[in-house]
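Hello,

Here is the structure I promised to pass on to you. Please have a look at it first, and then read my notes below.

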Amino acid sequence: MVKIHERKFVSADPEKCVGCQVCEYICSLTKEQAFNPLKSRIRVVRINQLINLAVTCRLCEDPPCVAACPRDALTQSEETGVIMVDEDKCNGCGWCIEACDYGAIMLHPENKVVFICDLCQEQGEPQCVKWCPEEALDLVTSDVLAQKARITAVKKLFQEALKTAPVAP
Amino acid sequence: MHGYAGRILHVDLTTGKAHVEPLNGEYARKYIGGIGLGIRLLLDQSEPGVDPFSPENPLILTTGPISGTMWPTGGNGHAFVSKSPQSFGVGESKAHGSFGTELKRAGYDAVIFKGKAEKLVYVWIDDDSVQLLDASQLKGKSPAETEDAIKEELGDYYIRVASIGPAGEKLARLACVINEKTRAAGRTGMGAVMGSKNLKAIAVRGTLDITVAKPEEFMEFVKEFHERMKGPATHKYRTLGTAANVLVHNSLACMPTRNYNNASFEGAEKVSGENLNERFVAKIIGCSSCAMRCEHMCVVPEGPYKGTMTRMEYETLWAMGPYCGVDRLDAIIKGMDLCNYYGIDAIGAGVIAGFAMDCYEKGILTEKDLEGIDARFGNHEAMVQLIEKIGTREGIGDILAEGVKIAGEKIGKGAEKLAQHIKGVEVTGYDLRTLKTAALGFAVSFRGADHNRHGAYSFDVKGKVNRFIVEKGRGKLVKDMEDQYTIVDSLIVCKFSRGTYYKEFEDMAKLYNLVTGVEMTAEDLRQAGERINNVARLFNIREGLGRKDDTLPYKVMHLPVPDEGPSKGAYVTQKELDFLLDDYYETRGWTKEGKPTKEKLKELGMNDLIPIVEAKTGPREKAGEE
């Protein structure tokens, strides 16, 4: 089984995401051959105009969605960590939807089974990452996210230091 | 046919009943969608001389054939069309965001609202289900508050809402319709028409798939346009935004200042796009499906207007800034936020505030008339207070909310001459004394004073023509731009993206073909653009507008620019205007009176509308005879 440190998922950078929904469109087109955000595996949240973020499955360790399914319809891929849905077993009861803290599981409007980001296994790479005009989406491990956050934090510190150091108040 | 939903929804607000009719395929091809389809439906669905505020005046909401697809900027637009309570001719206004995509997914190319609800209602369009719901709890609420309340009430945070604010409820003639808090269908009073129907809001949820005729080629084209949108054609919108115009217009002395008393502003640096971006822009966000992103969200970090957050563009910044002599960006942002709160066109509101200040300085309005507002030019507090008055219709605001033309007439004592408008619609941020191609475009615009019906200012501002003279050929420049702009507004792609259509009609025709599967050449599409300009003109003629209304604001024709500099002494004479109009009408194939000829209408396949130009007395008496 792939170790959690190596598991990659799609993450959006809140600094860059502008809420344009291009990810939703390309996702629904790739997976469902139609433009329809309701069929997208990634959804955009706009809290207000300044706070925008695309959210999708984070491939949790010990995923609560898998544990919550009474019909064992969900399994986690040992190879990639992706949550796989057995559409014959799933009856759309929604326990997994409730269990997911990120709202990353949706009920298909027509098929009445749940669907989850599979990192575009068939296409070889997540299409949302490829298409995002802001390059706000990235396929990353938790470690890389932590690295990025550290670098950003240190840069900020330096900015402040540079700003305040030479000029006396 | 792909692209189109194939359905028009009729909502009768008097009876509360709704029904669906199929979209006329010929109309789709001839009038495309958006404002084109909307204006044609308006002509069909209204009687001549209809009062804009009567239940019989239809309010038409349209999407375009591209709406709902992933096309960058094109996926997300919608338009409102009605008879304007400002111009009494064609009223139309577009907005972007996500509202239009939702309406298309609900399965409608157009929604036609008629009648008047007994009390304030909102309409809830949930795919095929259409209900009128009580909106009494929303009375007096801003569009943003209304949107939040409706989402809460319906229990779905992804539905989209377009609504009017308190000003629309009170029939302020410059009231607009706002979706997603900061996106306004701003001009020509569409929010007032909505208010006259007791319709507070339109909430939509659409779940249908949108597909295109040629998906693979379409996605190739999308990819190409994503690249184009990262290039020079959109650079301005992605960086400083339209507010970059402040310094450009100021250096050319073509920025109307203090209600057209000047053409340049000594405080321009303070209200420049550069300053705005450095001090106030917190984030630049994008509409649904856009690969460009232009929406400059501003936050005031300190001072009396601290915490105000809104979008800013050049036009609204200009109107509440230089046009009122105000050089404080924080106050301008506050003014903009108030316009969004009350639901009024921020261009019009700024122009009216500037007008009131001019009246005050000339002694036509006194401090008593203004209930203590010291409305000197440059007083930022006064500007904010005047906008509040307009939004609430309190005190002098009751008259000012009628729009600058009617307000000028009501105030009298020479105020009429200070009211800068065309066809009753307030001027925008281009000094027409100094931009004579633009002056023609503004004069003939079918929705009144407007830069967005033609973009003819670009020839003047970019120095492609001598902006201070009139000459043969300006008519063609305006006509060609108008035909293109109507297609932009009928496909409903964003005006900011117009430069990415390198081959103009050819690129747009390709887009139309890939989406709809309907073969259309660049020439077909150009002709559709011409047809739409003609159908709009026919509506205006039917409503009694003509050459006499293709004119310019009083000061543009009587007050030469006094400022030292490149524009000194510039203005437009009646002779020059007549020259420009003659040239334009001739280019359009219209008569000296500005009426489309029978031959022109036949050429455009508009034989069914010939009775309008043949009518001598009552506009529609002969309809149906041919």
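How many Å separate the centres of domain 1 of chain B and domain 2 of chain B, taken over C-alpha atoms? The two centres are 26 Å apart. Please bear in mind that this is a predicted model, where local features need pLDDT of at least 70, side-chain atom pairs count only at pLDDT 80 or more, and totals for chains, interfaces and linings use all residues. Residues are numbered from 1 along each chain as its sequence is written, chains are lettered from A and ligands numbered from 1 in the order in which they are written, and side-chain values use heavy atoms, with hydrogens and water left out.

Chain B is assigned domain 1 (7–205), domain 2 (241–426) and domain 3 (436–614); such bounds come from an automatic or database domain assignment.

Now to where domains 1 and 2 of chain B meet. Contact (heavy atoms within 4.5 Å) links 36 residues of domain 1 with 31 residues of domain 2. Together the two domains bury about 2500 Å², with 53% of it on carbon and sulfur atoms; this is the accessible area (1.4 Å probe) lost on putting the two parts together, summed over both.

The rule for salt bridges (a side-chain nitrogen of Lys or Arg within 4 Å of a carboxyl oxygen of Asp or Glu) finds three across this interface. B:Arg187 and B:Asp345 form a salt bridge, with their closest N and O atoms 3.2 Å apart.

Best wishes
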